[in-house]
Amino acid sequence: MNKKKNNFICDIGECTGCHACFGACPEQCISMKPDPEGFLQPEIDLDRCIGCGKCRAVCPVLKQYDGNETLAAFAAVNDDDNIRMKSSSGGIFTLLAENIINRGGVVFGAAFDDDLNVKHIMIDSVNDIYKLRGSKYVQSRIGDAYLTAKAMLADGRLVLFSGTPCQIGGLKSFLGKEYENLITQDIICHGVPSPSVWQKYLEYRQAEQNAKINKTILPEFRNKTSGWYKFSIKLSFCGGSEYIKTIDKDLFMRAFLQNLSLRRSCYQCHFKSLKREGDLTLADFWGVERQVPELFDNKGTSLVLINSEKGAGLFDSVNAKRVETDAVRAVCPNEAAYRSVDKPEKREYFFNSLCTENFGKAVKKYAKISIKKSVYNKIRSSGGRILRAMKLR
Ligand SMILES: Cc1cc2nc3c(=O)[nH]c(=O)nc-3n(C[C@H](O)[C@H](O)[C@H](O)COP(=O)(O)OP(=O)(O)OC[C@H]3O[C@@H](n4cnc5c(N)ncnc54)[C@H](O)[C@@H]3O)c2cc1C
Ligand code: SF4
Ligand code: SF4
Ligand code: SF4
């Protein structure tokens, strides 16, 4: 018998896939299913739904938001250059995670699974921090992470939960109350590419190399061999060959930075503001060479926004090189903090063409504009126009 299924929680174009509704449903009648673009969407089994409204009550998209006011901003780097080279910006996440685990706590963040899909996992050993380290430019599946975090918090464990602002918003909304033992860390977020676009890209590269990906060597989206500003994507294959291309040459990065492969909610993101979801925000400190030149060496510098006393306490207790700076000036070149990206006219054509054409052809057809126009070059510019666009203060 076909069961009745529907999503009446929030507008499908605004749904971030955060899983708050999934976790909150008392009847467990919401499942998260991939849509034709490969993004998870909630699907309600209407035969089991009792109409209690809890899913709508926790949906962060339907709620009025009032994030944390940013209290301070720092340029910061991890003293350990090996860690910094493996991290996306200044390697500050690793220091936060080490601190929490060394105090008996647990850390949630995005990791690859055995099929190189990205999902949120919990770790409680410093030996596992490498799994969360580094940006993965694919939407991370929350799965049971909110439920596990809630159980840990109820157990009195110290919890650091890291993720995109919509994931942190979803967690807080799902929890529905403050926990003294919870610290949240978000990122400045450009948007998230589709998991199925990522899988199609991997298939395309494997066919090109005529070799399977070596899954024991994790893919890198932010390899810094050519520097932090002009980073590379790196894949390792069975048999020892490697693929490494800078962002201006790689097709996955081209689709990402030209905003073709992003989730629909990222074009109308509810979480763009200097009023942040997380107790701390981590980002690339684009423009650091002008603003804090003493912390620039093109190996990566983090921008750390402190958004609560808890966030301040955690950052104070880690051993990072830091220089305090002005939050508005620091965030200014990083448009992703305060403005959603524009939706390309041909985005839907791109997704449709992935069903019939190979990955390379689809990207070359629809992501033709020069990478020079991409955000990672726009980030270098700043000015009054950007400040006016910022609803910061
Ligand atoms: C999809 C995405 C878009 C981003 N866009 C921008 C941007 O426009 N501007 C900017 O300044 N910074 C952006 N960042 C953040 C930046 O790249 C770094 O993640 C951040 O500066 C932390 O760097 P780090 O060196 O301290 O630690 P790292 O070790 O590099 O960061 C690891 C952290 O990133 C989290 N993470 C990794 N992948 C994901 C994912 N798929 N979903 C959720 N969390 C994830 C981990 O859980 C962990 O908290 C983005 C990150 C991601 C994942
Ligand atoms: S209304 Fe209640 S029972 Fe129905 S899907 Fe939402 S949370 Fe579940
Ligand atoms: S709670 Fe999250 S996953 Fe559920 S409908 Fe709202 S945004 Fe989508
Ligand atoms: S851009 Fe907004 S909606 Fe998209 S992943 Fe980032 S925080 Fe979520």
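Which polar side-chain atom lies 2.7 Å from an oxygen atom of ligand 1? Select Asn334: one of its polar side-chain atoms sits at that distance, 2.7 Å. This is a polar contact, a pair of N or O atoms within 3.5 Å.

Some ground rules. The model is predicted, so local features need pLDDT of at least 70 and side-chain atom pairs pLDDT 80 or more, while totals for chains, interfaces and linings use all residues. Residues are numbered from 1 along each chain as written, chains are lettered from A and ligands numbered from 1 in written order, and side-chain values use heavy atoms, without hydrogens or water.

Stay at ligand 1. Select Lys136 next: a backbone N or O atom lies 2.7 Å from a nitrogen atom of the ligand. Then pick Gly91, where a backbone N or O atom is 2.8 Å from a ligand oxygen. Taken alone, ligand 1 exposes 890 Å², and the protein buries 99% of that (Shrake-Rupley areas, 1.4 Å probe).

Now show the shell of 36 residues around ligand 1, each with a heavy atom within 4 Å of it. Ser88, Ser89, Ser135, Lys136 and Asn334 come nearest. By class, 14 are nonpolar, 18 polar and 4 charged.

Color the strands. E14 (280-284) supplies at least two shell residues; with 3, E14 gives the most. Helices have at least four residues and strands at least two, as DSSP runs.

Finish at the cysteines. Cys52 is partly exposed at 41% relative accessible area, whereas Cys59 is buried at 7%. Buried means under 20%, exposed over 50%, partly exposed in between (1.4 Å probe, protein chains only).

Technical notes:
A polar contact is a pair of N or O atoms within 3.5 Å; within protein, one must be able to donate a hydrogen and the other to accept it, and residues adjacent in sequence count only if both atoms are side-chain atoms. Ala, Val, Leu, Ile, Met, Phe, Trp, Tyr, Cys and Pro count as nonpolar, Asp, Glu, Lys and Arg as charged, and the others, Gly among them, as polar.
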